[in-house]
Amino acid sequence: MKKVNYFLAALLGLSIQFASAQVKKGSVLIKNATVLTVTEGTLENSDVLVQDGIIKKVGQNLNAPNGVTTIDATGKYLMPGIIDAHSHLGLDVVNEATSPIVAEVRMKDMVNPFEVGIYRALAGGVTISHAMHGSANVIGGQNATLKHRWGSTDPADIIMQEAPRTIKFALGENPTRVHGRGNGIQPRTRMGVEAILRNGFNEAIQYKKEWAEYNAAASQKGNTALSPVHNERLEILSDILDGKIIIHCHSYRADEIYMLINVARDFGITKLVFQHTNEGFKVAPEIAEYTMGASVFADWWAYKFEVYYSTAYNAAILTENGAITSINSDDAELIRHLYHEAAKTQRYGGMTDEQALSMITINPAKQLGIADKVGSIEEGKQADLVIFEGHPLSSYAVPQMTFVDGVKYFDIKEDADDQRMKISATEMVEPVMIYEGHDSRCMQDTESLFETTESLFLLNQ
Amino acid sequence: MKRLTKTFFAFLLALLPVMAMAQIDGEFIKPRPGKFLLQNATVVTITKGVLNNTSVLIEDGKIKEVGANISADGAEVIDCTGKFIYPGMIDGGTKLGLVEVSSVPETVDYAEIGNFSPNMQALTAVNPNSVAIPVTRVSGVTTVLTVPAGGLFPGTAALINLNGYTPDQMYAGFKGIVMNFPNSGRRGRFDRRSDEDIKKANEKALKDANDLWDNAKSYNKLIADGAKLDYYPEMAQLAKATTGELPLLIEVNAASDILAAIKWVEGKGAKVIFTGVSEGWRVADSIATAKIPVITGPIQALPTRESDRYDTPYANAGKMAKAGVKVAIRTDDQENVRNLPFFAAFAAAYGMGKDEAWKAVTINPAEIFGLADQYGSVEAGKVANLIVADGDPFETKTNVMHVFIEGYRMPLSNRQIRLYQEFLDRSPGLKVN
């Protein structure tokens, strides 16, 4: 039986690899741009040669090999593809809100490559997004890192298969509202949130021990040991303890951030990134010392009580204290202008161009564990690139073309207006969606837990 | 009794050293009125071009003089060499001051119960001490329309300056009755009604609007004829819109609704302003022909339809302006009204152009509100709402260096800045344990 399982698993693994092998890779020569490499300074009048999806050469007077298209970017800016460390784009479902711990669910099973928001993100220069589980649970589901290969219809093709595993955690108002006040179970307070975490990890340690004992016994001749029952939830928690999964934790208040740092240290967990982190500035030295940093909004605040004592200077304070800091969207609209969100750190804290650009490129790449592959313009890295009219940190900047793996997926001059890949056969009249505030989906799919959709609307960050 | 008094004084005396020791650190900088001479700047007047090496004199809350050689006599001189002076920006639609924390209902004061409550006064509920107000004004936004929401006639909006200790001190001279024009589209992601239900609701809302309007007209007629009517404050307020005494701010967004609204206002004799107008670009010529001014926004928004080009919300304001519509820009926000200059920049970059975008946050809203003689440009005689910056205030790199509201020099601080000052270099820092 076990052998058959292994065989099936191997087949499944093979089929996924087969699928990702179909991903398109492009070649292109971009000439005479102002190249914002992010990690290696700004190169005036420079060329970038891409071959088979990889940045082959960065320099001057490069020539296009046979069959490789040349794009003249004179007077334009070239930067690495923008990376959003917090998004819910391209997901059919966001929250499995049924238990304070749902580590077993996976966003990669929910990927929807047809969502037009992916194209709209590309039109804002975003090539990679971290498709996260929602914030209804203390330990949420596993996230997926997406590459915006718009036009692919196979979910596997827009998943960045080589990215490490990550998982969503959430502290504060959302999990206590859903479980404590919604379902009448722990946690109802920030004390309960800590208990859920510690209990969960201790249970996982026990589970690991039972398996270790069983495996030791099973290798003995003539043993009669019964195997422990497989528990996927505890398997995932064990993987977190073993450092195989990066935690991305929804958090706002300094006390809860500090709590998780302590819990992580007690359990020997070092792969930890804080998300939102509005009060991160209060514990910036601790975040810098013990974690992989924080991914924050540029200026969102006051939409709920736990973000009332926020400051738009958060990213600057974190950066000055040495924490890896990224700017994220968590929002289908905001993701369209992350370059502008990053630019706000120049008004609020005087960040340099390089610091501001890092917050949407190499820093989120570090937090997602993919900085060796993307996040800067360096030879050998994947060719995710954006051409801008105007400096990307100018309020007047307009993205012109966006490339993923050297393939152009957005061109302001050539693209059709209507980018839908799928059109509803049942809707006679196309719905007109009128703006009614921020459209974050952190609390999507928890509607049934609340009296009215309106109350959800207020609570959806 | 005497003894008691004695004991009391002894007690007070004992307290004295404690009171003397109690101290309050730091000086609180208050808004400060005065005579100020902003010397030798580049003045972007909006209405009279760009003036180099020009000074602006502020006195008695007004712009006293704009010129090259102004006497500094008795004035506090602020050297503005290499700096730019602009009029304070006006946000044509916000909920600023009406809400403190969106998710805490006790702090949300923009939506009263009921479908017909035009007599609800936004100005009454404005909290002059809202933390968001100083957060907003350091960006150079000095004046906002603050607007009630919810229902068919949710209330009366008011224009406020972002300085003052009472709503009346803040009031900037414009009020308008808000109408949410019956919406034939979906209300957003969570609206799961069927097409049929939406249509029915839309028809009912239109009928309600017509009935109420007719009643308001009858109300006026009966009053004029000397009839004695029951106390009906809602109707008394709406009646002011039917005569044009108060303008009607019609919130309308979908293209078909905009066309329906244009038809609806025809011959009604109301002073009409359209707000929202997110699909205005689809019917821009019709709006221009109807000569109805528009307050549009937010600019940073998603397209209204899946099939729309990604940049339609950025380009909307510019397309309407090009068609001849008078356009003002709003954020439709509460805590982040500070983003108004950036919304204007996006509109500028996607077709509106910088000059027109500046007008859309200064002179155009002033004209739409009937206050162009007081606000919206740097001209002698106008209210001294001014900003001084070291560059283009639409750019995030630019520092806004001074803000004047009604001649008051505003402190450029707020809670977000104070948190920055406290926590940038925290002490104690990291305590290794």
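**View 1. Who sits around Ala347(B)?** Skip the neighbours within four places in sequence, and Ala347(B) is in contact with Ile299(B), Tyr314(B), Ala317(B), Gly318(B), Ile329(B), Met352(B), Ala357(B) and Ala360(B). "In contact" means that the C-beta atoms of two residues, placed from the backbone, lie within 7 Å.

**View 2. Where chain B meets chain A.** From chain B, 44 residues are in contact with 50 residues of chain A. On the chain B side, α10 and α13 each supply at least two residues. Sort that side by class and you get 19 nonpolar, 14 polar and 11 charged residues. For the classes, Ala, Val, Leu, Ile, Met, Phe, Trp, Tyr, Cys and Pro count as nonpolar, Asp, Glu, Lys and Arg as charged, and the others, Gly among them, as polar.

**View 3. The two domains of chain A.** Domain 1 takes in 1–81 + 375–414, and domain 2 runs over 82–372; bounds like these come from an automatic or database domain assignment. Their C-alpha centres lie 26 Å apart. The contact between them takes 25 residues from domain 1 of chain A and 30 residues from domain 2 of chain A. On the domain 1 side, α1 (2–20), β5 (77–80), β15 (398–404) and β16 (407–411) of chain A each supply at least two residues. That side has 15 nonpolar, 8 polar and 2 charged residues.

View 4. Domain 1 of chain B brings 23 residues to the contact and domain 2 of chain B brings 25 residues. β14 (386–389), β15 (400–405) and α13 (415–423) of chain B each supply at least two residues of the domain 1 side, and the largest share, 3 residues, comes from β15(B). Chain B as a whole has 13 helices and 16 strands, and buried residues make up 50% of its 433 residues.

View 5. Gly269(B) is in the loop between α7 (255–265) and β11 (272–276) of chain B. Is Gly269(B) buried or exposed? Gly269(B) counts as exposed because it has 11 C-beta neighbours inside 10 Å. Leaving out neighbours within four places in sequence, Gly269(B) is in contact with Thr242(B) and Gly244(B). Now for Asp330(A), in the loop between β13 (325–327) and α10 (338–347) of chain A: it is buried, because 27 other C-beta atoms lie within 10 Å. Asp330(A) and Gly41(A) are 289 residues apart in sequence and 29 Å apart in space, C-alpha to C-alpha.

**View 6. Confidence along chain A.** The mean pLDDT of chain A is 92, with 89% of its residues at 70 or more; pLDDT is the predictor's confidence in each residue, from 0 to 100. Over residues 13–20 of chain A the pLDDT is below 50, and this stretch has 7 contacts in the model beyond near neighbours in sequence. Residues 451–461 of chain A also stay under 50, and there the model has 25 contacts beyond four places in sequence. Where pLDDT is low, the predicted coordinates should not be read in detail.

**Notes for all views.** Residues are numbered from 1 along each chain as its sequence is written, and chains are lettered from A and ligands numbered from 1 in the order in which they are written. As this is a predicted model, local features need pLDDT of at least 70 and side-chain atom pairs count only at pLDDT 80 or more, while totals for chains, interfaces and linings use all residues.

Key
Helix = DSSP H or I, 4+ residues; strand = E, 2+ residues; numbered from the N terminus. Buried ≥ 20, exposed ≤ 12 C-beta atoms within 10 Å, placed from the backbone.
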